[in-house]
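Reader: Hi! I have a protein model open and I'd like to talk through what holds its parts next to each other. Could you help me look around?

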Amino acid sequence: AVQAAHPGSTVTYQTSGGGFANVVQIDQKKCDLALIHDAEAIAAINGQEPFSEPVDSMKTVAVVYTWAPMQAIVNKSFAEEHGITSLEDIAAKKVPARILLNRRGNVASGVGESMLNAVGASVADLESWGGSVTFAASKEQGEIMRDRRADVILNSLFVNHRSIRQLAEALDLVLLPISQETADEVSAEWNIGQYTIPSDAYDWSDSDALTVTLSAQLFVHEDADPQMVGDVTAAMVDNIDKMQGVHKAMSPLDAKLMSSATAVPYHPAAEKVYKDKGLM
């Protein structure tokens, strides 16, 4: 998008340890822009773990997506054996479930653990019932499930993500919803949104599933060059098709969504672009 707006320009990127690490990168001015989840940004501002003190040097440039819902995906035979139709059932029936969460330090892991706590199935509870919680990277989780070493994946993934499709080729699956009460509790704890995965999202799913979702945003340091921030923001708005074309999961992105952040104030240069274009 930037190259389309400013021919000859160069944008370089690098991967990192995730959004928490990116907060530090922005705060220390080791990068110009960073992708960070809303929950991670709020944790930084509030000085919550893994931060030892508040970090409030970030400003928003754009919302990039709001549709990375926490999905509780269960081996169907296990769900039927224990009569599980919701995440709450695991606690209500004290099911010895072997649950996979993302790696510790990843925000999806923290949100997943909060969901388990909210339904009354903490790590300690699960272990007392004969179950377990294993922290594993997303790319490892499918293999563990296919090898029958786990019963449930609870992770933040795009709906119909390739890893889920691949898992469904090897196992019959069930998608577990959470109650409105659970969704409200976790949303309030992490200041994140809620999401309903539609019944037609998967061939093997026949009902809507309420859950919570993570939102990713593009951030800069509050002292970032206003010209750079304004140029990047305008380039993305004016070339939204470039953003949408990165991956089919990005097709819902539009300029109105980009300008809808509430977790962290916008950088003044980005805000000006949105206001000039009638988006704020």
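Predicted model: local features only at pLDDT ≥ 70, side-chain atom pairs only at ≥ 80, totals over all residues.

Reader: Nice. Which residues touch the most other members in the largest nonpolar core?

Author: L126 is one of them, along with L87, I90, I99, V111, M115 and V212. That core has 52 residues.

Reader: And which helix gives the most to this core?

Author: That's helix α6, residues 107-119, which contributes seven residues.

Reader: Why would residues like that gather together?

Author: In soluble globular proteins, nonpolar side chains tend to be buried together.

Reader: What does the second, separate core include?

Author: The second core has 30 residues, among them A62, A68, V232 and A235.

Reader: OK, switching to charges. How many salt bridges are there?

Author: The count comes to six. As background, side chains of opposite charge can pair when their charged atoms come close.

Reader: Which residue does K29 meet in a salt bridge?

Author: K29 meets D223, at 3.5 Å from N to O. K29 is in the loop between α2 (19-27) and β1 (34-37), while D223 is in the loop between β8 (209-221) and α11 (226-238), so this pair ties together parts 194 residues apart in sequence.

Reader: Is K29 buried or exposed? And what about D223, buried or exposed?

Author: K29 counts as exposed because its relative accessibility is 54%, and the cut-off for exposed is over 50%. D223 is exposed too, with a relative accessible area of 54%.

Reader: Now R98: which residue does R98 form a salt bridge with?

Author: R98 pairs with D151, and their closest N and O atoms are 2.9 Å apart. The pair links distant parts of the chain: R98 belongs to strand β3 (residues 98-101), and D151 to the loop between α8 (138-146) and β5 (152-156), 53 residues apart.

Reader: Is D151 buried or exposed?

Author: D151 is buried, at 7% relative accessible area. R98 is partly exposed, at 30%.

Reader: One last pair! Where do K272 and D276 lie?

Author: Both lie in helix α14 (residues 268-276), four residues apart, which is about one turn of the helix. K272 and D276 form a salt bridge with their closest N and O atoms 2.7 Å apart, and both residues are exposed.

Technical notes:
Residues numbered from 1 in each chain as written. Heavy atoms only, no water. Core = buried A, V, L, I, M, F, W, Y, C linked by side-chain atoms within 4.5 Å. Buried < 20%, exposed > 50% of the residue type's maximum accessible area, 1.4 Å probe, protein only. Helix = DSSP H or I, 4+ residues; strand = E, 2+ residues; numbered from the N terminus. Salt bridge = Lys/Arg side-chain N within 4 Å of Asp/Glu carboxyl O.
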